[in-house]
Amino acid sequence: MSRRQLFGFTLLEVLVVVSIIGILASIVAVNLGSARVLARDARRKEDIAQLRTALELYYNDHRVYPPIESAQSNPQDLGWTTLQAALLPYVSALPSDPPGGLSIGYRYRSQGTGAASCINQWYVLEFQLEVASDPAIAQAKTTHDCRGIEYPSRSDRGRRIIGVGVSAL
């Protein structure tokens with residue numbers, strides 16, 4: 001046996017193995033990143049569904065939506081705190097936008113003006129998805145509140161979804 005065989009791997013063999021491991025690790029890291037984006041978008045859609053349910057339960061009890069002109073999912077936002085208090089019997093805590101993504105957060109507004117029959121009979125929920133090709137964006141439609149104001153379902157590079165709830169007067 002030669003002395004070279006007793007010492008193990010050559011430097012070239014070690015470098016090849018380390019390179020292969022590095023390539024595989026980068027492929028896995030990229031795939032995990034896209035899975036995180038999809039998970040955040042799924043959570044956003046679930047959060048909005050939960051908010052819509054709470055708003056409809058509130059409407060069933062009070063015959064109006066919570067009269068809050070503007071609220072954004074931020075604990076320091078007075079409108080969001082007021083919305084939390086109004087919906088407390090229907091949801092234990094208002095959801096917050098998942099951290100780590102590029103999003104506008106969640107926005108709520110109501111407080112109609114104009115005809116008396118329209119006041120607090122509508123709401124707008126806004127949220128933004130990170131995946132512009134999400135099927136929910138393609139299925140969203142432009143809607144109108146009871147005042148006839150149009151809310152396009154898509155904006156901000158095709159990622160924002162606006163949900164409008166209008167009571168059946």
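The protein chain has four helices and six strands, where helices (H or I, at least four residues) and strands (E, at least two) are DSSP runs numbered from the N terminus. This is a predicted model, in which local features need pLDDT of at least 70 and side-chain atom pairs count only at pLDDT 80 or more, while totals for chains, interfaces and linings use all residues. Residues are numbered from 1 along each chain as its sequence is written, and side-chain values use heavy atoms, leaving out hydrogens and water.

Following the sequence, the elements come in the pattern α-α-β-α-β-β-α-β-β-β. Of the 169 residues in the protein chain, 34% are buried (under 20% relative accessible area, 1.4 Å probe, protein chains only).

Now to one helix pair. Two packed helices are described by the angle between their axes and the distance between the axes. Here are the members of the pair:

| Helix | Residues | Residues in the contact |
|---|---|---|
| α2 | residues 11–62 | Leu51, Ala54, Leu55 and Tyr58 |
| α3 | residues 78–87 | Trp80, Leu83, Ala86 and Leu87 |

Contact here means heavy atoms within 4.5 Å. The residues where α2 meets α3 are eight nonpolar, with no polar and no charged ones; Ala, Val, Leu, Ile, Met, Phe, Trp, Tyr, Cys and Pro count as nonpolar.

The two helices pack at an angle of about 60 degrees, and their axes lie 10 Å apart.

Note on methods
Axes fitted to C-alpha atoms, helices over the stretch in contact; angles between N-to-C directions. Buried < 20%, exposed > 50% of the residue type's maximum accessible area, 1.4 Å probe, protein only.
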